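Colleague: Could you walk me through this model, starting with its pockets and then the place where the chains meet?

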Amino acid sequence: MDLVLTPEDIAFRDEVRAFLKENVTDDMRRAGALTAGFLDDPEVAIDFHKVLYEKGWVAPHWPKEYGGTGWTPVQRNIFENECARAGAPSYNGMARQFVGPMLMRYGSQEQKDFFLPRILKGEDHWCQGYSEPGSGSDLASLKTKAESDGDDYIVNGQKIWTTHAHKSNRIFALVRTSSEGKKQAGITFLLMEMETPGITVRPIIGNGGDHEFNEVFFDNVRTPKSGRVGEENQGWEIAKYLLEFERGGAPSAGKVRSRFRKLAAAAKKYCPDDPDMASRIAELGIDIDAMEMLEIKDLSERQMGGNPGPVSSLLKLRWSQIRQETTELMLDVVGADALRWAPERPLYEALQLPREEEELLSLGPRYMNYRAYTILGGTSEIQTTILAKTMLGL
Amino acid sequence: MDLQYDTEHNLLRDSAEKFLAERYGYKTFQEISSSEAGWSPEIWAEIAELGWLGLPFSEEDGGFGGGPVETSLIMEAMGKNLVIEPYLPTVVLAGGVVAALGSAEQKQGILAEVAAGESRLAFAYQDGDTPVTASRQGDDYVLSGTKKAVLGAPMADMLFVSAQEGPNTVVFGMPSKLKGITRRSYRMMDGPRAADIEFNDVTLPAGSRMGDKEDASAEIAFVLDAAIAAVSADAVGAIEAMVAQTVEYTSTRQQFGQPLSKFQVLAHRMVEMKVREEEARASALLATLSLDGAPERRVRAVSGAKAKIGRNARFVHQAAIQTHGAIGTTDELSLGGYAKRLVAYEINFGSTREHLRRYSALIADPEIAGSGLMLDPAAA
Ligand SMILES: Cc1cc2nc3c(=O)[nH]c(=O)nc-3n(C[C@H](O)[C@H](O)[C@H](O)COP(=O)(O)OP(=O)(O)OC[C@H]3O[C@@H](n4cnc5c(N)ncnc54)[C@H](O)[C@@H]3O)c2cc1C
C-alpha cells in the first residue's frame, strides 16, 4: 500500500493544472474568495462550466455512457483537489452531484435522455424542494400535496429553505400523494418547472447577510405527470438515495484544504509566535488529515456513479464540523480586523478595495453562514441517529 | 460581604429593562444598525433623560454617583435588547478616562455635557501602524500617528487619544473635527460603528492634556478593565436572551410528533447552555466587584471573566443556532444579532487567549492560585 501517484497521475495532474491556469480567470477567483455563502453564484460559474463542458470534464463522477470522463477514482480526486486549489467556481453542484446520479438510478429512459445532457450543458439550474415549515428533520411528515388530474398533478403547499430557488428554472420536490399508511409510504418524487403558474418564491436572508435560501409557495400548480420520478408513492426511497449524494457524494478535502491553507497563511501573518493558536490549528490539521484519508479510501472503493451508502453520514458529520472550525479559528487568528462588516451583497460586486482587505470582509459573514453546515442536508443530530443505526446496529 | 442587589439596583434594572424592551429590541436594532448614522439621537436624548449617561460619574462632576454595579445593570439590559448606541465608548471608556485622569475643571466641563446628552465621546487607545506620539511645541502639543478600531469614533464629538510623550503615556482630549484628524469609519459585525483615525500634526493647546499625571498607563489599564467588566455584563444579557429563546422555541416547535425539547440530547444541551449562563453571570459580577480592588485582584477577576465568558458565549451562540435548525441561521429571529454581538465580545478588548495568558501569569504564584474570593478587609 502507498499514497504515491503514478507518473500517469502526475501527467494528468499537470494537464488539469494547465487547463485551470488557462481557464479560471482572476474575476472568478476573486468572486469565489469573496463568496461567504455555500454556493458560487451561477452568474459567475456558468462561463467556467461551459469551458468544462467543451472539454468533456463537467461530470467526472458520472459513468462514461452518460457523459462522464471515465477517469479513475484517483484522477477524479486529483481533479477535485486541483479545482479547489485553483479557486475554480462550481455551477449548480446540486444538479451534477445529486440530480444526475438519482436520475441514472430511478429516472425513465426519457427523463435521462432529456435531463442529463441539459445538466451537462448547463442549460438547467436545479433547486431542492424537500423541507417544509413543519417538516425539517421529520421530513417524512411533509404536507405539500399533489392531486392527480388526468395527465397532471395539481400541487398545493409550501417548501422552505430552498437554496437558489430564485436562480433556478427547475425544482425536484417531494410531494404527498397519499395520506394512508406510514407517512413515508405516501410521498412522490416530482420534477417541476419553476416558471409554472402558481409557483412563487420569497427570499429569506441569512444572518451572514446573504440571500441564498427561499420559501417556495405552490398554489394550484398544474404540472405534468411526466415529471414524476419512479412510481407514485415511491418517493421516499429516491429521496433518501439522493441524500446520500448530498451528504457524502462529492469529495470535500480539496475545498476544506484551500480554506485551511488560508487559515495557516493568516496565522503566519497575524500570530506567528502564538503557541496556543499554533496547537489549535494543528489539532484542526490532524482532523483534516484523518478525514481526507478516510475520504480517499472510501472514494477509491466506490463504483463510478455508485451511491456513497451509510458512510455519507459520517463524512457529513465530520466535514461539517471541520468546515465550521476553520471559519471559527480564522476569526480567532485575525481578531479585530475580522469584525469589519460590509452589508452589501454580493461582496465581489460591492467592494473595490485591495484584495486582502476585501477578503477580510468575507470572514464574519462566512463564520455566520457556516453555522448552517451542521444543519443543512440533515442536522448533525440526525446524522448521529442514522449512524447509531447503521454503524452500531442500535 | 454582601452579594444582594439592593432596592435601588432593582429599580434601576427594572426601569432599564422596561424602557429598552419598549423602545429598542430586534427591529429597532436592525433599523439603526443599517442606517447611515448607526445610532439614534432620539434614543440618546431619552437615555440622557433617564440619567444613564451620567450614572457612574460623581455628583460634583455632574453625574449621579453610581459605580460599576450600576453600570453593569445598564449594560446587561443593553445586551439583552441589542442596543448599539455609543454608550460604552462615551460613558465607560472615554468618560472613564476623563473621570480617572481629568482635572476638576476638565471633569466638570466634559462629564456634565455627557450626562446632559450633549456630547458623545470616544477613546482611541489602540495604535495603528504608526504609534501616536505627542511633542511639545511652545505652549502647544503636536500629535501624529494612527489609531485603529476606535469604537464610537464616527459619531463622537470629542476624541480622547493616548499618546507617547517620551517614555510616558498620556491622554489628550480634543474635538473630533480638527485640522489634521482623518477618520475612516466602518460598521462592525454586530452593528456599532468604529473608525481608524489618522493624526497628522494635530496642534492642541496645553490644556488638552488630561490631568497632570506624568504617566497615565495605570489609569488607562484600569479603564480598559472597567470596560471589560461592562461588556461582560452586556454579554450576559445576550447569553440570557439566547438561552431563553432556545428553550421557548424548542418547547413549541414539534418534530416527530413531539416538542423538540423532549429530545434528550437537546434538553441536555440546553441545560449546558443554562449552566454556562449562570457561570457567565457569576464571572461578570466577580469582575464588576473587583474593579476597585487591588490591581492583582482586579486583573485576575477581569481577565478570568473575559476568558470564561468568551468561551461560554461561543458555546451558547453556536448551540442556540444549532438547536433552532435552519431558522436559527436567518435574519428573521434576533438570534443572529446576539450571535454576532457575542462574537464581537470575544474579539474586542483582547482575545480569550490573551486574557488566559494574563490570568496565567498571575496564578503562577501558588499563593494567588490558592486564595479564594472572599477578602480580608486589610486586602480590600
Ligand atoms: C443553509 C441551508 C440551506 C438549505 N437548503 C435546503 C434546500 O435547498 N432544500 C431543502 O429542502 N432544504 C434545505 N435546507 C433545510 C435543511 O434540510 C433543514 O434545515 C434540516 O433538515 C433541519 O430541519 P429544520 O431546520 O426544520 O430543523 P428542525 O428539524 O426543527 O430541528 C431543530 C433542531 O432539533 C434537532 N432535532 C430534530 N429532531 C431531533 C431528534 N429526533 N433528535 C434529536 N434532535 C433533533 C435538530 O437536529 C436541530 O438541532 C437548508 C438548510 C440550511 C440551513
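Modeller: Happy to, and one definition comes first: Ala, Val, Leu, Ile, Met, Phe, Trp, Tyr, Cys and Pro count as nonpolar, Asp, Glu, Lys and Arg as charged, and the others, Gly among them, as polar. This is a predicted model, where local features need pLDDT of at least 70, side-chain atom pairs count only at pLDDT 80 or more, and totals for chains, interfaces and linings use all residues. Residues are numbered from 1 along each chain as its sequence is written, chains are lettered from A and ligands numbered from 1 in the order in which they are written, and side-chain values use heavy atoms, leaving out hydrogens and water.

Colleague: How many nonpolar residues are in the lining of the second largest pocket?

Modeller: A pocket here is an open set of points on a 1 Å grid over the protein atoms alone, where a 1.4 Å probe fits, with protein on both sides within 12 Å along at least five of seven lines; lining residues have an atom within 4 Å of a point. The second largest pocket is lined by 30 residues, with B:Leu286 and B:Ala301 among those nearest its centre. By class, 6 are polar, 6 are charged, and the nonpolar ones number 18.

Colleague: Which element gives the largest share of that lining?

Modeller: Helices (H or I, at least four residues) and strands (E, at least two) are DSSP runs, numbered from the N terminus. Those that give two or more residues to this lining are α4 (68-80), α8, α9 and α11 of chain B. The largest share is 9 residues, and they come from α9(B).

Colleague: How much area do chain B and chain A bury between them?

Modeller: Buried area is the accessible area (1.4 Å probe) that two parts lose on being put together, summed over both. Of the area buried here, 53% is on carbon and sulfur atoms. The total for chain B and chain A is about 3,300 Å².

Colleague: Which residue of chain A forms a salt bridge with B:Arg184?

Modeller: A salt bridge is a side-chain nitrogen of Lys or Arg within 4 Å of a carboxyl oxygen of Asp or Glu. The rule finds 9 of them across the interface of chain B and chain A. For B:Arg184 the closest N and O atoms are 2.9 Å apart, and the partner is A:Glu357.

Colleague: How far apart in sequence are the parts that A:Glu358 and A:Arg30 tie together?

Modeller: These two residues form a salt bridge, with the closest N and O atoms 2.9 Å apart. A:Glu358 lies in helix α12 (residues 355-360) of chain A and A:Arg30 in helix α2 (residues 26-33) of chain A, so the pair ties together parts whose separation in sequence is 328 residues.
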